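Please have your viewer ready.

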Amino acid sequence: MKLVKRLSIATMALAATVGFTFGGTNQADAASVSGKVVIAGSTALLPLTQTAAKEFKRSNPRVSISVSGSSSIAGPQSVSKGSSTIGACDWNATTAVPGFSAFKGLSAYRIAVIPFATIVNSKNPVKNLSTAQLQGIFSGKITNWSKVGGKNAPIVVVNRKFGSGTRVNYNLKALKGARMMTKGANYTEAGKSGEMVSAVTSNANAIGYVDLPYVKGGIKAVSYNGVAPSASTIRAGKYPVWGYGYLLTKGKAKGANAAFISYVTSSKFQNGSLKKLKFIPVKGAR
């Protein structure tokens, strides 16, 4: 019995020393992780990657980590060129999507469900728009708010620039792939999610789209075919305008980059900060 007891104690000590692994990262010795993580790409995912980076850095002080956002296409491009170690993208860039070929040699990690919403100025009385109405607005066929239940005022269309993952998702899911206008007197383009918010906030007649974490202040989300964008409507399969967000690495993720991705996909982050930011856990949509 004494021998068994000594062996049990030794076994527990060994387990404490070795630690338990999650996603290939030693959680008991997480502070020993070192290296450089450079994240670039999607501005839709920027609130998530920035928050995750701060939390990860607190537990891993030996890791140098930086985060920037410009557009989804910049994510896989920067990883392929070697200027970043992780690319954030609003689609799986290892497969082709309309307008973009697949990026070879990259690994994709699904990290979140991104809810996208049509947005208007908070002073705009319009609360709901149908697929047909949105197709008409973003193609330039419907040019006055009075045609869709609003005031007699010109509609100012704000689109995201080519290369935006938000644009890819919104075109495919809200507009069902319909043609989008690219020029006009009442047309403008925004390079980033923050620029889209500023453009719609500053113009009472503007309309655009952004992911739900950015909806606050001088803008409001409009219902789509009578359904409001939310975690609950997406989980129920009622609201279709959403997509998966991905982190991409050159080859299989290793070292500090693998540890960071493991943290983002952990239940702690998925059910904690990710939800607070109005993203939805990877397993929370159907």
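What follows looks at a helix pair and then at a pocket in this predicted model.

## Helices α2 and α8

Let's begin with α2, which covers residues 46-59, and α8, which covers residues 255-264. Their axes lie 10 Å apart and the packing angle is about 110 degrees. Because angles of 65 to 115 degrees count as roughly perpendicular, α2 is roughly perpendicular to α8. The crossing of α2 past α8 is right-handed.

On the α2 side, Leu48, Thr49, Ala52, Ala53, Glu55 and Phe56 make the contact. They meet Ala256, Ala259, Phe260, Tyr263 and Val264 of α8. Sorted by class, this contact has nine nonpolar residues, one polar and one charged.

## The second largest pocket

By class, the lining has seven nonpolar, four polar and one charged residues.

Notes:
Residues numbered from 1 in each chain as written. Predicted model: local features only at pLDDT ≥ 70, side-chain atom pairs only at ≥ 80, totals over all residues. Heavy atoms only, no water. Nonpolar A, V, L, I, M, F, W, Y, C, P; charged D, E, K, R; others polar. Axes fitted to C-alpha atoms, helices over the stretch in contact; angles between N-to-C directions. Helix = DSSP H or I, 4+ residues; strand = E, 2+ residues; numbered from the N terminus. Parallel < 35°, antiparallel > 145°, perpendicular 65-115°, else oblique. Left-handed = near helix turned anticlockwise from the far one by under 90°. Contact = heavy atoms within 4.5 Å.
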